[in-house]
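Here is a short briefing for a first look. Start with the cores, then turn to the strands and helices.

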Amino acid sequence: MSATPEFDDDLLAAEQALRLLPPEEQATFAARLRDEPALRARLRDWESRFAPLAEDFPEVMPPASVKRQLMTEIGAPASRRSLMLWGWLAGGVVAVGITATFFVPDIINTLNNPAIPALPGFTPGMQASLMGAGDQLLVQVQYDTGTGEVRLVQMAGVQHATDRSMELWVIPAGQKPVSLGLMPEQRDAHMPMPDELRPMLAGATFAITDEPKGGAPDGVATGPVIAKGDMTSV
């Protein structure tokens, strides 16, 4: 008997919850999440099932050799990944071994957070999840500590009136907000972080405000905060 589409989607959601999907499949999955509430529900269900596995385990950074081996394994064809996944779930290996040292901390950091495909040449060292009303993830901010590049991925889109502009701010701890300019129109965009702000990003807050067309007058925020989130290490 062949697998049903529902079974296939359930498998994809479980694989995504464990970060088993390769980048190209993550991109397709993320695109479907925006338009398919049922698929989003499946992903949340799997994430909620896996989340308790982390409660009794402290976060432990595995040796680089472990990660390399795991990345080699999850780069296997989809059919083999499926066998690996269901084998792990049936045997409880996820809870006892791999999940405790590598996958679970990543799962907990990305609950209710659709996949962000990897970007070649971009290695995020810090990130901030900008949450809007109802704790909805609107924008994921990633920062490459090596290159000083910031990546902005609009997860749910930032809605605004045509006569208004959305402006991005960074607020270093104990300091005033600094404008990073208007939010890009592209869903996935990146920009350089000013040199003088780079040493102050750890623990900083990122925010998006609703401003007059063209941005905040005199570089001072005037509108309501649409979304915000604190920068943390990845």
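A nonpolar core is a set of buried Ala, Val, Leu, Ile, Met, Phe, Trp, Tyr and Cys residues joined through side-chain atoms within 4.5 Å. Buried means under 20% relative accessible area, with a 1.4 Å probe and protein chains only. This is a predicted model: local features need pLDDT of at least 70, side-chain atom pairs count only at pLDDT 80 or more, and totals for chains, interfaces and linings use all residues. Residues are numbered from 1 along each chain as its sequence is written, and side-chain values use heavy atoms, leaving out hydrogens and water.

**Cores**
- The largest nonpolar core has 23 residues. Leu130, Val141, Leu168, Met193 and Phe206 have the most contacts inside it.
- E2 gives the largest share of this core, four residues.
- A second, separate core has 12 residues, including Ala17, Leu21, Phe29 and Leu43.

**Strands** (DSSP runs of E, at least two residues, numbered from the N terminus)
- Strands E1 (residues 126-131) and E2 (residues 137-144) pair antiparallel over six bridges; pairing needs at least two DSSP bridges.
- Gln127 stands opposite Gln142 in E2.
- Five residues lie between the strands of this E1 and E2 hairpin, where Gly134 takes a positive phi near 70°.
- E1 also joins strand E9 (residues 232-233) by two bridges, running antiparallel. Met126 stands opposite Ser233 in E9.

**Helices** (DSSP runs of H or I, at least four residues)
- Helices H2 (residues 23-35) and H3 (residues 37-50) meet through contacts, that is, heavy atoms within 4.5 Å. Among the residues involved are Phe29 in H2 and Leu43 in H3.

Note on methods:
Buried < 20%, exposed > 50% of the residue type's maximum accessible area, 1.4 Å probe, protein only.
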